[in-house]
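Hi,

Here is the structure I promised to pass on. Have a look at it first, and then read my notes below.

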Amino acid sequence: MSDFAETLTEVKTDIMHASISLENESKERNQKEDAARLLRARRAIEQHLEQKRFNHNVANGWDDYKI
């Protein structure tokens with residue numbers, strides 16, 4: 001009976017470690033996806049602001065505006 005209890009304990013420990021590992025991988029993947037989303041958003045905002053500055057400068061007659 002003690003062999004069964006040992007085996008059961010080992011299986012439970014292995015399942016717990018696998019669960020923790022899976023959870024950590026999921027958190028890491030979510031962090032990477034969030035970072036990529038934030039970078040895309042930041043780039044979009046920068047492009048929008050650059051376009052806005054360009055439009056403003058063209059409207060003011062600054063045709064030699066450098067992009």
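To start with something you can check on screen: about how many helical turns separate Glu28 and Lys32 in helix α1? The two residues are four apart in that helix, so about one helical turn lies between them. Keep in mind that this is a predicted model.

Now the overall picture. The protein chain has one helix and zero strands. It has 67 residues, and 1% of them count as buried. Its accessible surface comes to about 6400 Å², with 57% of that belonging to carbon and sulfur atoms.

Next, the charges. Side chains of opposite charge can pair when their charged atoms come close. The count here is five salt bridges, and these are three of them:

- Glu28 pairs with Lys32, with the closest N and O atoms 3.4 Å apart. Glu28 is partly exposed at 43% relative accessibility, while Lys32 is exposed at 55%.
- Arg42 forms a salt bridge with Glu46, and the closest N and O atoms are 3.6 Å apart. Both lie in helix α1, four residues apart, which is about one turn of the helix. Arg42 is exposed at 54%, and Glu46 is partly exposed at 43%.
- Glu50 bridges to Arg53, where the closest N and O atoms are 2.8 Å apart. These two are three residues apart in helix α1, again about one turn. Glu50 is partly exposed at 26%, as is Arg53 at 43%.

One last thing to find: Asp3, Glu6, Glu10 and Asp14 form a patch of negative charge on the surface. Asp14 sits in helix α1, which covers residues 2–59, and is exposed, with a relative accessible area of 51%.

Cheers

Notes. Residues numbered from 1 in each chain as written. Predicted model: local features only at pLDDT ≥ 70, side-chain atom pairs only at ≥ 80, totals over all residues. Heavy atoms only, no water. Buried < 20%, exposed > 50% of the residue type's maximum accessible area, 1.4 Å probe, protein only. Areas by Shrake-Rupley, 256 points an atom, 1.4 Å probe, with all protein chains shown as cover. Patch = residues over 30% accessible without salt bridge, like charges linked within 9 Å, V, L, I, M, F, W, Y side chains within 5 Å. Salt bridge = Lys/Arg side-chain N within 4 Å of Asp/Glu carboxyl O. Lys, Arg positive; Asp, Glu negative; His and termini not counted. Charge placed at Lys NZ, Arg CZ, Asp CG, Glu CD.
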